[in-house]
Amino acid sequence: STYDGTEHRLTLAGDLPAGASVTYEIDSEPGNGATNAGTHEVIAYIDGGGNYEDVELTATLTITPLEITVTASDQTKAFDAEDPLLTYTFGPELVGDDAFTGGLTREQGEDVARYAIIQGNLALNDNYAITFEEGTLTITPRQITGIGFENTSFTYDGTEHRLTLAGDLPAG
């Protein structure tokens, strides 16, 4: 079975003889049902009712984690801007109130380039198996603003005249 938030059970095959009864134990606890992913040992205790020998049967109930694909969304930012929120999509839907914890991260670097968006500490509980597909954060060149270069006229006086930029250039 695959994790789906419902209880899964093992049942006996065949018919119990008249007067016999059965009780179950799963993972050393009374009962026969498990909800969470994992391998669970189930013991069926058959009471023969006095006419038959008592029997103890052991079987394994395996619930596999639900496979979830998480895809990081590609993002873009200009050089020297704050990182955008790193987001993702996923499928299939989670069961009940189950939710992700943690978040995505990205490769280090602030220069104009492409950086991988990686899983970071984004996680689910053990009922899920995550397949992660990386995204890309692209840092683009930033437009220089706040600089002026104006026309100016001079009267000839035999000296060198220059036009200069108004404002401050960014570092680099």
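Phe90 counts as partly exposed because its relative accessible area is 31%. Here buried means under 20% relative accessible area, exposed means over 50%, and partly exposed is what falls in between (1.4 Å probe, protein chains only). Everything here comes from a predicted model, in which local features need pLDDT of at least 70 and side-chain atom pairs count only at pLDDT 80 or more, while totals for chains, interfaces and linings use all residues. Residues are numbered from 1 along each chain as its sequence is written, and side-chain values use heavy atoms, with hydrogens and water left out.

Back to the rings. A pair of aromatic rings is described by the distance of the centres and the angle of the planes. Rings of Phe, Tyr and Trp (its six-membered ring) pair if their centres lie within 6.5 Å; planes under 30 degrees apart are called stacked, those over 60 edge-to-face, and the rest tilted. The structure holds four aromatic pairs. One of them joins Tyr3 and Tyr128, edge-to-face, with 5.5 Å from centre to centre and 75° between the planes. Tyr3 sits in the segment before strand 1 (8-9) and Tyr128 in strand 12, so this pair ties together parts that are 125 residues apart in sequence. Strands (E, at least two residues) and helices (H or I, at least four) are DSSP runs, numbered from the N terminus. Both Tyr3 and Tyr128 are buried.

Phe90 has a ring partner too, namely Phe100: the centres are 4.9 Å apart and the planes stand at 65°, so the pair is edge-to-face. Since Phe90 belongs to strand 9 and Phe100 to the loop between strand 9 and strand 10, the pair ties together parts that are ten residues apart in sequence. Phe100 counts as buried because its relative accessibility is 17%. Together with Tyr88, Phe90 and Phe100 make up one aromatic cluster. Thr101 is also found in the loop between strand 9 and strand 10. With a relative accessible area of 48%, Thr101 is partly exposed. The C-alpha atoms of Thr101 and Ala123 are separated by 5.3 Å, although the two residues are 22 residues apart along the chain.

Next comes the sheet. Strands of a sheet pair through backbone hydrogen bonds, either parallel or antiparallel. Two strands are taken to pair if DSSP finds at least two bridges between them. Three strands form an open sheet in the order 9-7-12, and the pairing is mixed. Strand 9 and strand 12 (128-133) are the edge strands, each pairing on one side only. From one strand to the next, the twist averages 25°; the angles run from 0 to 180 degrees between N-to-C directions, with axes as lines fitted to C-alpha atoms (for helices, over the stretch in contact). Strand 7 (residues 66-72) pairs with strand 12 in the parallel sense, over six bridges. Tyr128 in strand 12 is the bridge partner of Leu66.

Then there are the charges. Side chains of opposite charge can pair when their charged atoms come close. A salt bridge is a side-chain nitrogen of Lys or Arg within 4 Å of a carboxyl oxygen of Asp or Glu, and by this rule the count comes to five. Asp83 and Lys77 form one of these, at 2.7 Å from N to O. Lys77 is buried, at 6% relative accessibility, whereas Asp83 is partly exposed at 35%. Lys77 also meets Glu110 in a salt bridge, at 3.0 Å from N to O. Because Lys77 lies in strand 8 (residues 75-78) and Glu110 in the loop between strand 10 (105-106) and strand 11 (113-118), this pair ties together parts that are 33 residues apart in sequence. Glu110 is partly exposed, with a relative accessible area of 42%.

Asp83 also forms a salt bridge with Arg106, the closest N and O atoms being 2.7 Å apart. This pair links distant parts of the chain, with Arg106 in strand 10 and Asp83 in the loop between strand 8 and strand 9 (88-91), 23 residues apart. Arg106 is buried, with a relative accessible area of 9%. Through shared partners, salt bridges join Lys77, Asp83, Arg106 and Glu110 into one network.
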